[in-house]
Amino acid sequence: MSTIVLFEHPLNEKMRTWLRVEYLIDQLHETVPVNGSVSALGVFRILSDLLDIFERGDMRTELLKELERQQQKLRAWLDVPGIDELRVNDLRQQLKQCSSELMAAPRMGQQLREDRLVALVRQRLSIPGGCCSFDLPSLHIWLHQEQAVRDVQVNGWLASLNPLRNSLTMILDLVRQSGIFRHQTSLNGFYQDNAEGSDLLRLQLTLEDALYPQVSGHKSRYAIRFLPLDSERGEVPARLNFELACC
């Protein structure tokens with residue numbers, strides 16, 4: 001049985017930011033519990049990356065706008081004959097709940113920014129080896145605390161991101177479900193089409209193809225070039241079948 005590999009490519013800056021934040025938060029949850037210096041530095045690097053993103057733009061406002069836009073789309077669905085009204089209303093209620101949580105939450109990343117240990121480690125991350133015991137004795141002793149004590153602190157950091165995570169998960173789920181995978185064929189490793197105001201491209205290849213897509217595009221048009229994983233000996237077939245969804 002073939003192994004399917006899913007690639008996603010954002011078609012605007014907003015979606016690019018959201019996918020990066022989703023990726024970082026998923027990594028964060030994979031890295032805990034912090035049981036040594038490797039997992040600790042993994043967590044602190046991810047928190048630092050998230051804070052860098054939060055400081056570059058007003059992500060909360062963008063998410064609130066999108067939650068409202070998705071609610072409007074669902075309201076329009078209620079006029080479609082035969083629609084599952086219970087399901088649509090349930091989704092609308094979940095979107096409202098996400099909006100309320102996000103609006104009530106403190107400024108995005110505020111708790112992390114105010115945490116002394118996060119701030120200390122963040123200052124040293126750009127220095128090669130800058131988090132070793134003589135550079136950061138406070139981190140060194142923190143790593144020697146009881147696991148349960150560290151868990152409480154780390155879980156508090158994760159919990160402070162929950163309003164963001166819940167809203168982002170809800171929005172990206174709805175965006176992804178809005179596009180249907182369709183069978184497409186590239187010629188000599190190239191494919192292009194109109195994006196029709198889409199936010200996201202989703203592309204499925206089989207692992208056996210040993211190819212990956214290089215996508216260039218924006219909200220009105222996109223192009224995909226398929227490249228071999230083995231750049232020296234790999235080949236791109238004249239006709240390549242793949243699955244594509246515009247969301």
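User: How many residues does helix H1 have, and how far does it reach from its first C-alpha to its last?

Analyst: This is a predicted model, in which local features need pLDDT of at least 70, side-chain atom pairs count only at pLDDT 80 or more, and totals for chains, interfaces and linings use all residues. Residues are numbered from 1 along each chain as its sequence is written, and side-chain values use heavy atoms, with hydrogens and water left out. Helices are DSSP runs of H or I with at least four residues, numbered from the N terminus, and the expected span is 1.5 Å times one less than the number of residues. Helix H1 (residues 13–31) has 19 residues and reaches 27 Å, close to the 27 Å expected.

User: Which residues of H1 are buried?

Analyst: Buried means under 20% relative accessible area, exposed over 50%, and partly exposed in between (1.4 Å probe, protein chains only). In H1 the buried residues are Met-15, Trp-18, Leu-19, Val-21, Leu-24, Ile-25 and Leu-28.

User: Which residue forms a salt bridge with Arg-113?

Analyst: Side chains of opposite charge can pair when their charged atoms come close. The criterion is a side-chain nitrogen of Lys or Arg within 4 Å of a carboxyl oxygen of Asp or Glu. Arg-113 pairs with Glu-55, their closest N and O atoms being 3.4 Å apart; Arg-113 lies in helix H5 (residues 110–114) and Glu-55 in helix H2, 58 residues apart. Glu-55, which is partly exposed with a relative accessible area of 43%, also forms a salt bridge with Arg-122.

Notes:
Helices (H or I, at least four residues) and strands (E, at least two) are DSSP runs, numbered from the N terminus.
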